[in-house]
Amino acid sequence: MRDAVIIGAGHNGLVAAAYLARAGLDVEVLERRDVVGGACVTEELWPGVRASPAAYTLSLLRRRIIDELDLGAHGLRVDVHEPYLFAPQRDGRAVVTWSSRERTRTQLARDWSAADADAYAAWAERWDAAAARTRPLLLEPPDRDRWLAAVGPGILDGAIAEELAEIPSEEVRVPFALQGLIGTLAGPEDPGTAFVAFFHELGEATEPPGAWGFARGGMGAVTTALRAAAEAAGARVRTDAAVERVLRDGDGAVSAAAGVVLEGGEEVRARAVLSSADPLRTAALAEAPAPAGWRQAGAVVKVMLLLDGLPDFPAWPGPEPWAGTIDIGYSLGDLAAAADDARAGRPAARPWIEAACQTAADPTLAPVGRHVLSLFCQCYPPDADAQAAADAAIARFAEVCPGLPDRVVDRLALGPCELEARFGLTGGHIFHGEMLPGQVLEGRFGPRAFAGVPGLYMAGSGAHPGGAVTGAPGYLAARAVLEDLR
């Protein structure tokens, strides 16, 4: 009998394990794959070439978790990527932003107009102030009133297009609007997309607050450090240990969770069962009804390209633009049409892409002369043909980087079906469920009695505050377990 058993060694499961073990509990983590990390991993995709085929940049991991678990001592290093966003245009211009708001303002004034720069600065000042008020709330139970007081109804419920409307040039608005659509089946005019974009501004893993960076060694460095912290505190982490079902004690639908059964029949009994799997998978493991109305159909195809060099962008020749995030999307209409296509069951005719090439900034990941370009592509239906989507993404990228196709040596394409098979993400949804109205704050799952099962705690991204590499759902689940067991 253990105090706690945790299903899944993704980043949230490992955060929960570390906090529970630090509190003196007997904790075991069970991971079905042969590597920890869930979708926060670094894998050798080609001989000598390592990359992160799912999560690819870091910002939202909570500073409290980094400091309390001393992840720096366990090897975690985060380098801000510059530029922050690079959005090349087909006419040879580009939108370039930096982690410094003032530097971005100066760049926009030079490349676009003083009106664009001033409107951007006013929007950024308003959002930065709201983010500073909101960051502490991510490690607290959901409270819509507190969030509403911190950010206002426009950010909480509105469309990202409305939030950006004062910026005159549509080309400048597009890369910021795109941040409200990440992992989300929505267009920029849809309610709730402002929240998605704002959520991505709440980072504190590096400086300045809100900046994004690369974890040195790839995203697996995050979960390697978390595993080390958990094991140093006394937790046991097992790989190749797939859970078949949750043990239930007692009679009827409200029988309590009492442990898990592994594939092969081994039983691990525990006073508390935490799941960092998604809500649909967790409900199935607990033999409980699937959450009614939960929206978890993924819209993303992830394409990893092995390159034999970095081609030039006509908008910015040379290696510098490859060191940051690259956004491919040319109009708000294109972003909206991509969502409309996927809703109708079609692959996006004009997909938008967020790309990153960490090997351009981190030489530890690949030998000289080799690079990996990550293409995060939307929007696609759940049964998308990943290879056809990869072809479309390469062609779309080549509109502003014509040398790219000739540099491709090999590729790995992961559509919703492949993401589910590889990472256990039901439906291939990277956030374990949409982060749109009805599925945020109180509309997301709390940690306790998931699916009405006493003793079963939701510790994954399907719980508040939601998806991305925050560690917050794992932290909140561990806190609930400690409160309940004590």
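Predicted model: local features only at pLDDT ≥ 70, side-chain atom pairs only at ≥ 80, totals over all residues.
Let us begin with helix 1 (residues 11-22) and helix 16 (residues 472-485), whose axes come within 7 Å and cross at roughly 35°. These axes are lines fitted to C-alpha atoms over the stretch in contact, and angles run from 0 to 180 degrees between N-to-C directions. Helix 1 passes helix 16 in a right-handed crossing, that is, the near helix is turned clockwise from the far one by less than a right angle.

Which residues make the contact? Helix 1 contributes N12, V15, A16, Y19 and L20, while helix 16 contributes A472, P473, G474, Y475, A478, V481 and L482. Contact here means heavy atoms within 4.5 Å. By class, ten of these residues are nonpolar, two are polar and none is charged; Gly counts as polar, and Ala, Val, Leu, Tyr and Pro are among the nonpolar ones.

Residues are numbered from 1 along each chain as its sequence is written, and side-chain values use heavy atoms, without hydrogens and water.

Turning to the whole protein chain, it has 16 helices and 18 strands; these are DSSP runs, H or I of at least four residues for helices and E of at least two for strands, numbered from the N terminus. The C-alpha trace spans about 65 × 50 × 45 Å along its principal axes. Of the 486 residues, 61% are buried, meaning under 20% relative accessible area with a 1.4 Å probe, protein chains only.

How values were computed
Buried < 20%, exposed > 50% of the residue type's maximum accessible area, 1.4 Å probe, protein only.
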